[in-house]
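Before going through the points below, please have the sequence and the model open side by side.

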Amino acid sequence: MKKKLALLLVLVMAVSMLGACGGKDEPETETQTEAQTDAETAEDEDLSNLFGGDEGSNYGPYVQSLLDLDYKGITDTYLELVDDTKENAESFYDQCMEYWAYILANNYQLAVAVQGDETDTLYDEGVHDALVQLTKDIFSHVKYEVADAVKTGDYYTVEVTLYPMLFTELTKAEITAYQDEFNAATKAGEYGAYGEDEADTLAGEIAYANRVIEILSASTSKIDYDAPVSKIVKITKDEMGYYGISDQDYADLENYLLY
(Lines give C-alpha, C1' and ligand atoms only; values in the text may rest on other atoms or scores of the structure.)
Protein backbone atom coordinates (compact mmCIF):
# COMPACT_ATOMS: atom_id res chain seq x y z
CA MET A 1 0.00 0.00 0.00
CA LYS A 2 2.61 2.48 -1.16
CA LYS A 3 1.95 6.11 -0.26
CA LYS A 4 2.04 8.86 -2.84
CA LEU A 5 0.67 12.39 -2.62
CA ALA A 6 -2.09 13.30 -5.07
CA LEU A 7 -0.89 15.71 -7.74
CA LEU A 8 -3.45 18.40 -6.98
CA LEU A 9 -6.12 18.60 -4.34
CA VAL A 10 -8.45 20.27 -6.83
CA LEU A 11 -8.38 17.16 -9.02
CA VAL A 12 -9.81 15.13 -6.17
CA MET A 13 -12.26 17.86 -5.27
CA ALA A 14 -13.70 17.87 -8.76
CA VAL A 15 -14.86 14.25 -8.49
CA SER A 16 -17.92 14.90 -6.34
CA MET A 17 -18.21 18.65 -5.96
CA LEU A 18 -21.91 19.10 -6.67
CA GLY A 19 -24.19 18.52 -3.73
CA ALA A 20 -21.41 18.86 -1.15
CA CYS A 21 -21.73 21.73 1.31
CA GLY A 22 -24.11 23.82 -0.78
CA GLY A 23 -26.36 20.96 -1.77
CA LYS A 24 -28.62 21.02 1.27
CA ASP A 25 -32.29 21.79 0.81
CA GLU A 26 -33.38 25.20 1.99
CA PRO A 27 -35.79 24.95 4.94
CA GLU A 28 -39.31 26.09 4.17
CA THR A 29 -39.87 29.45 5.83
CA GLU A 30 -43.04 31.46 6.17
CA THR A 31 -41.63 33.95 3.68
CA GLN A 32 -40.77 31.21 1.24
CA THR A 33 -44.23 29.70 1.52
CA GLU A 34 -45.81 33.08 0.80
CA ALA A 35 -43.50 33.61 -2.17
CA GLN A 36 -44.43 30.21 -3.54
CA THR A 37 -48.15 30.93 -3.14
CA ASP A 38 -47.83 34.35 -4.78
CA ALA A 39 -45.99 32.77 -7.70
CA GLU A 40 -49.02 30.68 -8.45
CA THR A 41 -51.21 33.76 -8.90
CA ALA A 42 -48.82 36.32 -10.36
CA GLU A 43 -46.54 36.21 -13.39
CA ASP A 44 -43.95 38.58 -11.94
CA GLU A 45 -42.63 37.59 -8.51
CA ASP A 46 -41.16 40.30 -6.32
CA LEU A 47 -37.97 38.66 -5.11
CA SER A 48 -37.21 41.57 -2.82
CA ASN A 49 -39.67 40.16 -0.30
CA LEU A 50 -37.64 37.02 0.34
CA PHE A 51 -36.27 36.94 3.90
CA GLY A 52 -37.77 40.39 4.50
CA GLY A 53 -35.96 43.63 3.75
CA ASP A 54 -36.40 46.02 0.86
CA GLU A 55 -35.11 45.59 -2.69
CA GLY A 56 -33.22 42.41 -1.90
CA SER A 57 -31.32 43.93 1.02
CA ASN A 58 -31.07 40.56 2.76
CA TYR A 59 -29.68 38.58 -0.17
CA GLY A 60 -26.09 39.55 0.55
CA PRO A 61 -26.39 38.62 4.24
CA TYR A 62 -28.12 35.39 3.19
CA VAL A 63 -25.19 34.33 0.99
CA GLN A 64 -22.75 35.40 3.71
CA SER A 65 -24.68 33.35 6.25
CA LEU A 66 -24.46 30.22 4.10
CA LEU A 67 -20.69 30.53 3.77
CA ASP A 68 -20.29 31.35 7.46
CA LEU A 69 -22.39 28.36 8.42
CA ASP A 70 -20.85 25.79 6.09
CA TYR A 71 -17.20 26.69 6.60
CA LYS A 72 -16.98 28.32 10.02
CA GLY A 73 -19.93 26.88 11.90
CA ILE A 74 -21.42 30.34 12.56
CA THR A 75 -25.18 29.94 12.86
CA ASP A 76 -26.51 33.30 14.15
CA THR A 77 -27.29 35.17 10.92
CA TYR A 78 -28.43 32.04 9.13
CA LEU A 79 -30.99 31.33 11.86
CA GLU A 80 -32.19 34.95 11.78
CA LEU A 81 -32.92 34.70 8.05
CA VAL A 82 -34.10 31.10 7.72
CA ASP A 83 -36.72 29.40 9.86
CA ASP A 84 -34.62 26.47 10.93
CA THR A 85 -33.28 24.94 14.14
CA LYS A 86 -29.79 25.38 15.51
CA GLU A 87 -29.48 21.60 15.59
CA ASN A 88 -30.09 21.38 11.83
CA ALA A 89 -27.73 24.27 11.12
CA GLU A 90 -24.95 22.66 13.14
CA SER A 91 -25.63 19.41 11.32
CA PHE A 92 -25.09 21.20 7.97
CA TYR A 93 -21.72 22.42 9.23
CA ASP A 94 -20.72 18.97 10.44
CA GLN A 95 -21.68 17.45 7.09
CA CYS A 96 -19.61 20.03 5.25
CA MET A 97 -16.56 19.36 7.42
CA GLU A 98 -17.02 15.60 7.01
CA TYR A 99 -17.09 16.10 3.24
CA TRP A 100 -13.85 18.09 3.22
CA ALA A 101 -12.25 15.63 5.65
CA TYR A 102 -13.08 12.91 3.12
CA ILE A 103 -11.41 14.98 0.41
CA LEU A 104 -8.27 15.40 2.53
CA ALA A 105 -8.26 11.70 3.43
CA ASN A 106 -8.27 10.75 -0.24
CA ASN A 107 -5.65 13.32 -1.16
CA TYR A 108 -3.21 12.13 1.51
CA GLN A 109 -4.23 8.45 1.48
CA LEU A 110 -5.48 8.38 5.05
CA ALA A 111 -7.41 5.15 4.69
CA VAL A 112 -8.08 4.78 8.41
CA ALA A 113 -9.93 8.10 8.53
CA VAL A 114 -12.73 6.94 6.23
CA GLN A 115 -15.20 4.33 7.40
CA GLY A 116 -16.27 1.79 4.81
CA ASP A 117 -18.80 -0.97 5.40
CA GLU A 118 -19.13 -2.96 8.61
CA THR A 119 -16.32 -5.30 7.56
CA ASP A 120 -13.81 -2.45 7.14
CA THR A 121 -10.77 -3.34 9.24
CA LEU A 122 -8.76 -0.19 8.49
CA TYR A 123 -11.04 2.43 10.02
CA ASP A 124 -9.94 4.15 13.23
CA GLU A 125 -12.34 6.55 14.95
CA GLY A 126 -9.55 8.46 16.68
CA VAL A 127 -7.84 9.25 13.38
CA HIS A 128 -11.17 10.20 11.83
CA ASP A 129 -11.96 12.64 14.65
CA ALA A 130 -8.46 14.15 14.47
CA LEU A 131 -8.86 14.70 10.72
CA VAL A 132 -12.26 16.36 11.14
CA GLN A 133 -10.80 18.69 13.76
CA LEU A 134 -7.92 19.51 11.40
CA THR A 135 -10.46 20.25 8.67
CA LYS A 136 -12.29 22.66 10.96
CA ASP A 137 -9.01 24.36 11.83
CA ILE A 138 -8.15 24.78 8.14
CA PHE A 139 -11.51 26.26 7.19
CA SER A 140 -11.54 28.62 10.14
CA HIS A 141 -9.02 30.54 8.01
CA VAL A 142 -11.16 30.73 4.87
CA LYS A 143 -11.56 34.30 3.55
CA TYR A 144 -14.35 35.78 1.44
CA GLU A 145 -16.25 39.02 1.02
CA VAL A 146 -19.91 39.25 0.05
CA ALA A 147 -21.29 42.34 -1.68
CA ASP A 148 -24.81 43.72 -1.58
CA ALA A 149 -27.33 42.15 -3.94
CA VAL A 150 -27.94 43.70 -7.34
CA LYS A 151 -31.18 43.30 -9.26
CA THR A 152 -30.52 41.98 -12.76
CA GLY A 153 -33.69 41.72 -14.78
CA ASP A 154 -36.12 39.49 -12.91
CA TYR A 155 -33.59 38.05 -10.46
CA TYR A 156 -30.90 39.16 -8.02
CA THR A 157 -27.18 38.52 -8.15
CA VAL A 158 -24.60 38.65 -5.38
CA GLU A 159 -20.87 39.06 -5.97
CA VAL A 160 -18.61 36.94 -3.78
CA THR A 161 -14.87 37.63 -3.62
CA LEU A 162 -12.86 34.62 -2.50
CA TYR A 163 -9.25 34.42 -1.34
CA PRO A 164 -8.10 30.86 -2.16
CA MET A 165 -6.05 29.29 0.61
CA LEU A 166 -2.62 28.12 -0.57
CA PHE A 167 -2.54 25.24 1.86
CA THR A 168 -1.31 22.08 0.16
CA GLU A 169 1.95 23.62 -1.05
CA LEU A 170 2.92 24.51 2.53
CA THR A 171 3.55 20.88 3.45
CA LYS A 172 4.08 19.18 0.09
CA ALA A 173 7.86 18.71 0.50
CA GLU A 174 7.64 17.54 4.11
CA ILE A 175 4.82 15.09 3.48
CA THR A 176 6.47 13.72 0.34
CA ALA A 177 9.65 13.13 2.35
CA TYR A 178 7.68 11.39 5.08
CA GLN A 179 5.90 9.20 2.54
CA ASP A 180 9.26 8.04 1.22
CA GLU A 181 10.33 7.36 4.81
CA PHE A 182 7.14 5.43 5.52
CA ASN A 183 7.42 3.36 2.35
CA ALA A 184 11.00 2.46 3.23
CA ALA A 185 9.96 1.53 6.77
CA THR A 186 7.20 -0.80 5.60
CA LYS A 187 9.60 -2.43 3.14
CA ALA A 188 12.12 -2.95 5.94
CA GLY A 189 9.48 -4.63 8.10
CA GLU A 190 9.16 -1.89 10.71
CA TYR A 191 5.39 -2.43 10.70
CA GLY A 192 5.61 -6.22 10.67
CA ALA A 193 3.65 -7.94 7.92
CA TYR A 194 2.21 -4.65 6.69
CA GLY A 195 -0.10 -5.25 3.74
CA GLU A 196 -0.67 -8.88 4.68
CA ASP A 197 -1.59 -8.97 8.36
CA GLU A 198 -4.65 -6.93 9.35
CA ALA A 199 -3.34 -5.82 12.74
CA ASP A 200 0.07 -4.83 11.35
CA THR A 201 -1.51 -3.00 8.46
CA LEU A 202 -3.86 -1.09 10.77
CA ALA A 203 -0.99 -0.13 13.07
CA GLY A 204 1.02 1.14 10.11
CA GLU A 205 -1.88 3.10 8.67
CA ILE A 206 -2.65 4.73 12.02
CA ALA A 207 1.00 5.74 12.44
CA TYR A 208 1.08 7.15 8.91
CA ALA A 209 -2.19 9.06 9.29
CA ASN A 210 -1.27 10.54 12.65
CA ARG A 211 2.05 11.82 11.34
CA VAL A 212 0.45 13.38 8.23
CA ILE A 213 -2.23 15.06 10.36
CA GLU A 214 0.51 16.33 12.67
CA ILE A 215 2.40 17.86 9.75
CA LEU A 216 -0.74 19.46 8.33
CA SER A 217 -1.87 20.77 11.70
CA ALA A 218 1.45 22.54 12.24
CA SER A 219 0.93 24.49 9.01
CA THR A 220 -2.55 25.92 9.64
CA SER A 221 -1.14 29.04 11.29
CA LYS A 222 0.99 29.70 8.20
CA ILE A 223 -1.79 29.67 5.61
CA ASP A 224 -1.34 32.22 2.83
CA TYR A 225 -3.78 33.28 0.14
CA ASP A 226 -3.76 33.51 -3.63
CA ALA A 227 -5.03 36.51 -5.58
CA PRO A 228 -8.75 37.15 -4.97
CA VAL A 229 -11.29 35.69 -7.35
CA SER A 230 -14.74 37.21 -7.86
CA LYS A 231 -17.75 35.02 -8.62
CA ILE A 232 -21.35 36.04 -9.27
CA VAL A 233 -24.11 33.89 -7.82
CA LYS A 234 -27.79 34.12 -8.68
CA ILE A 235 -30.71 34.03 -6.30
CA THR A 236 -33.15 31.88 -8.24
CA LYS A 237 -36.25 29.76 -7.74
CA ASP A 238 -35.97 25.97 -7.84
CA GLU A 239 -38.55 23.49 -9.09
CA MET A 240 -40.22 23.46 -5.67
CA GLY A 241 -40.76 27.21 -5.74
CA TYR A 242 -38.07 28.01 -3.17
CA TYR A 243 -35.38 30.64 -3.65
CA GLY A 244 -31.68 30.15 -3.06
CA ILE A 245 -28.30 29.48 -4.67
CA SER A 246 -27.98 26.69 -7.21
CA ASP A 247 -25.73 23.71 -6.57
CA GLN A 248 -23.61 24.76 -9.55
CA ASP A 249 -23.05 28.28 -8.21
CA TYR A 250 -22.10 26.88 -4.82
CA ALA A 251 -19.75 24.38 -6.47
CA ASP A 252 -18.10 27.22 -8.37
CA LEU A 253 -17.41 28.96 -5.08
CA GLU A 254 -15.99 25.80 -3.52
CA ASN A 255 -13.57 25.35 -6.39
CA TYR A 256 -11.68 28.43 -5.20
CA LEU A 257 -11.59 27.80 -1.46
CA LEU A 258 -8.55 25.55 -1.08
CA TYR A 259 -5.46 24.97 -3.23
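**Notes on the predicted model**

1. Helices H5 and H6 are roughly perpendicular to each other, a term used for angles of 65 to 115 degrees, where under 35 counts as roughly parallel, over 145 as roughly antiparallel and the rest as oblique. Helix H5 covers residues 86–107 and helix H6 covers residues 125–139, and the two pack at an angle of about 105° with their axes 9 Å apart. The axes are lines fitted to C-alpha atoms over the stretch in contact, and angles run from 0 to 180 degrees between N-to-C directions. From H5 the contact is made by Tyr93, Asp94, Met97, Glu98, Trp100, Ala101, Leu104 and Ala105, and from H6 by His128, Leu131, Val132, Thr135, Lys136, Ile138 and Phe139, contact meaning heavy atoms within 4.5 Å. By class, this contact has ten nonpolar, two polar and three charged residues; Ala, Val, Leu, Ile, Met, Phe, Trp, Tyr, Cys and Pro count as nonpolar, Asp, Glu, Lys and Arg as charged, and the others, Gly among them, as polar.

2. This is a predicted model, in which local features need pLDDT of at least 70 and side-chain atom pairs count only at pLDDT 80 or more, while totals for chains, interfaces and linings use all residues. Residues are numbered from 1 along each chain as its sequence is written, and side-chain values use heavy atoms, with hydrogens and water left out.

3. The protein has nine helices and seven strands, taken as DSSP runs numbered from the N terminus (helices are H or I of at least four residues, strands E of at least two). Buried residues make up 43% of its 259 residues, where buried means under 20% relative accessible area, exposed over 50% and partly exposed in between, with a 1.4 Å probe and protein chains only. Among contacts with a separation of 6 or more, 71% are between residues 24 or more positions apart.

4. Thr135 belongs to helix H6 and is buried, with a relative accessible area of 0%. Residues up to four places away in sequence not counted, Thr135 touches Met97, Trp100, Ala101 and Leu104.

5. Gln109 lies in the loop between H5 and H6 and, at 26% relative accessibility, counts as partly exposed. Although Gln109 is not a glycine, it has a positive phi of about 60°. Most residues other than glycine have a negative phi.

6. Helix H8 (residues 198–219) has 22 residues and reaches 32 Å from its first C-alpha to its last, close to the 32 Å expected at 1.5 Å a residue, that expectation being 1.5 Å times one less than the number of residues. The buried residues of H8 include Thr201, Tyr208, Val212 and Leu216. Seen down the axis of H8, its buried residues fall within an arc of 160°, so they line one face of the helix; the arc is that of the directions from the helix axis to the C-beta atoms. The cover over these residues includes H6 and helix H7 (168–187).

7. Two strand residues also deserve a look. Gly244, in strand E7 (residues 243–244), is buried with a relative accessible area of 7%, and its C-alpha atom is separated by 9.1 Å from that of Tyr59, 185 residues apart along the chain. Ile232 is in strand E6 (residues 229–237), and leaving aside neighbours within four places in sequence, Ile232 is in contact with Thr157, Val158, Glu159 and Asp249.
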